[in-house]
Amino acid sequence: VVLSSVVGVDVDEFLWKIAAGLGANPSITASARRLWRDIEDQISSNRYLRISTVILLDDVEEAETEVLASISRLLQLDASDDSQLTLIASCEENRTHLLGQRLHDACDLRIELEPWTADEVENFVRASLAASACGPDLFTPQAVARLFELSEGMPRRVQQLAQLALVAAAAQDLAEIGEDTVDAVSQELSVSGLS
């Protein structure tokens, strides 16, 4: 499994990340030709060994034109009936037109993620905290409700706000995160234009 965001990544870095993620151990100075050969060899080897290859790409609507062309080429590397290659790309629904017709046509399945409910946001926050070094009750119920309200249930936004609230709490040495901390980080995101 290879996971990569394509925001701000040029084609050389993109190819290097895919080759490295597939276990090809590419040189940092490898040429695009060499990287393509490494990627193709790894995908072919996995197919013959009946090992599934999954490439997960995030923020594809932000990809450079050359990176989008490389994603299309990746899809062609294992077009056989016994293909073991799966490529999953995430994109904001209102920006899919930026992917181009070739990627639209290559898409076998489109899934629109619905916003989370308040209960799902609470479960996500509690499970994430339980899996970390933090206690599962670090966020007050009011803070979790505010996360849901400000994020409108959008998973990426929930995670972003929660992570920033954790950083703010650590910087201020807070014992718990209240809705005021969530409001502060949300306002900071809005002011900086990152939301």
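This report describes the confidence, nonpolar cores, salt bridges and one surface patch of a predicted model.

## Model and confidence

Residues are numbered from 1 along each chain as its sequence is written. Because the model is predicted, local features need pLDDT of at least 70 and side-chain atom pairs count only at pLDDT 80 or more, while totals for chains, interfaces and linings use all residues, and side-chain values use heavy atoms, with hydrogens and water left out.

The protein averages a pLDDT of 88, and 97% of the residues score at least 70, pLDDT being the predictor's confidence in each residue, from 0 to 100.

## Nonpolar cores

A nonpolar core is a set of buried Ala, Val, Leu, Ile, Met, Phe, Trp, Tyr and Cys residues joined through side-chain atoms within 4.5 Å, where buried means under 20% relative accessible area, exposed over 50%, and partly exposed in between (1.4 Å probe, protein chains only). The largest nonpolar core has 26 residues, and those with the most contacts inside it are Phe14, Ile18, Ile39, Ile55, Leu57, Ile71 and Leu74. At least two residues of this core come from each of H1, helix H2 (32-48), strand S2 (53-58), helix H3 (65-76) and strand S3 (85-89), and H1 gives the most, with five residues.

Leaving aside residues up to four places away in sequence, Leu74 touches Phe14, Ile18, Trp36, Ile39, Ile43, Ile55, Leu85 and Leu87, contact meaning heavy atoms within 4.5 Å. Another core, of 18 residues, lies apart from it and includes Phe139, Val158, Ala162 and Ala165.

Helix H1 also holds Glu13, which is partly exposed at a relative accessible area of 38%. The C-alpha atoms of Glu13 and Val67 are separated by 9.5 Å, although the two residues are 54 residues apart along the chain.

## Salt bridges

A search of the whole structure finds six salt bridges, each defined as a side-chain nitrogen of Lys or Arg within 4 Å of a carboxyl oxygen of Asp or Glu. The side chains of Asp59 and Arg156 meet in one of them, at 2.3 Å from N to O. This pair links distant parts of the chain, with Asp59 in the loop between S2 and H3 and Arg156 in helix H7 (residues 155-172), 97 residues apart. Asp59 is buried at 9% relative accessible area, whereas Arg156 is partly exposed at 47%, and Asp58, Asp59 and Arg156 are linked in a network of salt bridges.

Two further pairs lie within single helices. In helix H2, Asp38 and Arg34 are four residues apart, about one helical turn, and their side chains meet at 3.1 Å, N to O; Asp38 is buried at 9% relative accessibility, and Arg34 is partly exposed at 39%. In helix H5, Glu122 and Arg126 are likewise four residues apart, about one turn of the helix, with their closest N and O atoms 4.0 Å apart; here Glu122 is partly exposed at 34% and Arg126 is buried at 18%.

## A nonpolar surface patch

Leu109, Ile111 and Leu113 make a nonpolar surface patch of about 390 Å². Patches are made of residues with over 30% relative accessible area and no salt bridge, like charges being joined within 9 Å and nonpolar side chains (Val, Leu, Ile, Met, Phe, Trp, Tyr) within 5 Å; accessible areas come from the Shrake-Rupley method with a 1.4 Å probe, and for residues only the protein chains shown count as cover. Leu113 is found in the loop between helix H4 (101-106) and helix H5 (118-131), and Leu113 is exposed, with a relative accessible area of 70%.
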